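Me: I would like to go through the labels used for this model and see what each one rests on.

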Amino acid sequence: MTAAAVLLCTACFSGDRTGATNEDSPTPEPPPTSTYTPSHSVGGGPQAPDTDVPENPEWTPEAEEAAKEVAVNAMRDFARPEVEETQWANDFARWLTPDATVSYSSVDPANVPVTEVTGPATLEIDEANGFGVIATVPTDIGDYRVQLLRQGQDEPWKVNRLYPPEGAN
């Protein structure tokens, strides 16, 4: 911080001033160099060590089928408003990401408007993104859109969000 203040002050008060024409002015000295040293984490390592970023998973026929299957099965467990709340939550949670588990934990199944999956899922695949996909699952009240995520090629698909048909509660 001190080095930055010195640099700022040096820039404000050094050498030429607007309108000054004195040819005999001494050449200003270069500003001091910074003595900043990055801090380290416990154990002396850098705070942001090199991390391996997983490669973008490939879209294979198996990956597509697995995503469709998870979308339909999750919707079947979701579309059961008559099931006791704890049983409903436990059955549905197995398909969810951790964030979705938190988001859907307060849902009362009696308020779920859908009661039946009426057809197979279709996928909206973005070939550049093998980590996520939107599945469309037909139900008795219209098409639900299901956001699915996975963390790698051999990782399972998990539901992150359900989007009900327009006009559904």
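Me: What makes R150 count as a charge that lies over the face of W59?
Reply: R150 lies 5.4 Å from the ring centre of W59. A charge sits over a ring if NZ of Lys or CZ of Arg is within 6 Å of the ring centre and within 35 degrees of the ring normal, so R150 qualifies. This is a predicted model, where local features need pLDDT of at least 70, side-chain atom pairs count only at pLDDT 80 or more, and totals for chains, interfaces and linings use all residues. Residues are numbered from 1 along each chain as its sequence is written, and side-chain values use heavy atoms, with hydrogens and water left out.

Me: Why is the pair of F78 and F92 called tilted?
Reply: Rings of Phe, Tyr and Trp (its six-membered ring) pair if their centres lie within 6.5 Å; planes under 30 degrees apart count as stacked, over 60 as edge-to-face and the rest as tilted. F78 and F92 are 5.3 Å apart centre to centre with 45° between the planes, so the pair is tilted. Both residues are buried (under 20% relative accessible area; exposed is over 50%, partly exposed in between; 1.4 Å probe, protein chains only).

Me: Why is the pair of F92 and Y104 called edge-to-face?
Reply: The centres of F92 and Y104 are 5.6 Å apart and the angle between the planes is 85°, so the pair is edge-to-face. Y104 is buried, as is F92.

Me: Which residues form one aromatic cluster?
Reply: The cluster consists of F78, W88, F92, Y104 and Y144.
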